[in-house]
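Student: I would like to learn how to read a pocket and a salt bridge in a model. Could we go through them one at a time?

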Amino acid sequence: MAVSPRSPAGGASGAGKSINPVAAGVAPVTRFFSLLCGWWLLGYSLLVCADLIARRYLGVSLQGTDEIGGYTLAGLVAFGFAHTLVVRRHTRIDLFLSRLPAAPRAVAHVVAALAIAALAAFAASRGWAEMSDSIDFMSVSTSPLQVPLWIPQGVWFAGLALFAAVAVLLALHAASLLARGRVREVNAWYGPPTVDEEIAVETGKEALR
């Protein structure tokens, strides 16, 4: 079975040769939004270039470029959280985890997944509250653009909501695997990538599986 270089596949042995079904199911959605954000970033880069050229040669400035950049950063980061989690590229500090036996290591992975899910759900709830306040008070940005704040905040909230949904699905799946005693799958699918996996991904050799 071919696996893409950024596939949410597990480790190199046992269950790791198969694909996490939950991650594989949500990966097309998170990948779509990641690509959409990439195209938006490209468009924003062109806008910045146009602004620089206009300032240099025409003596005029496109209003709001910096403001749009702030909104762009918030939206890209929010949507990036979900895909980063799916492909297991979030930062994990592994000092003692790899030295633990398989069962305690699996418990630690599930606790980490539940903690990420709780954090993501909290962030999404606060994003919704912020957007709701802006709608209620009809808030606009204090800039020449006078952007209704619920618009960029809505994009920001959508990214956080996607992150929360993905994180909760993955955490529930990890917990269910642990409850059924499927320790190998938990460690392969929810632990940090091994050195061999990192090398395989970076060299593109993972696609040869």
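Student: How do the residues lining the second largest pocket divide into nonpolar, polar and charged?

Tutor: The lining divides into 13 nonpolar residues, two polar and no charged, where Ala, Val, Leu, Ile, Met, Phe, Trp, Tyr, Cys and Pro count as nonpolar, Asp, Glu, Lys and Arg as charged, and the others, Gly among them, as polar. This is a predicted model, in which local features need pLDDT of at least 70 and side-chain atom pairs pLDDT 80 or more, while totals for chains, interfaces and linings use all residues. Residues are numbered from 1 along each chain as its sequence is written, and side-chain values use heavy atoms, with hydrogens and water left out.

Student: Which element gives the largest share of that lining?

Tutor: Helix 2 does, with six residues.

Student: How many salt bridges does a search of the whole structure find?

Tutor: Side chains of opposite charge can pair when their charged atoms come close. Here the search finds two salt bridges, each being a side-chain nitrogen of Lys or Arg within 4 Å of a carboxyl oxygen of Asp or Glu. In one, Asp51 pairs with Arg55, their closest N and O atoms 3.3 Å apart; in the other, Glu185 meets Arg182 at 3.2 Å, N to O.

Student: Is Asp51 buried or exposed?

Tutor: Asp51 counts as buried because its relative accessibility is 3%, whereas Arg55, at 44%, counts as partly exposed; buried means under 20% relative accessible area, exposed over 50%, and partly exposed in between, with a 1.4 Å probe and protein chains only.

Technical notes
Helices (H or I, at least four residues) and strands (E, at least two) are DSSP runs, numbered from the N terminus.
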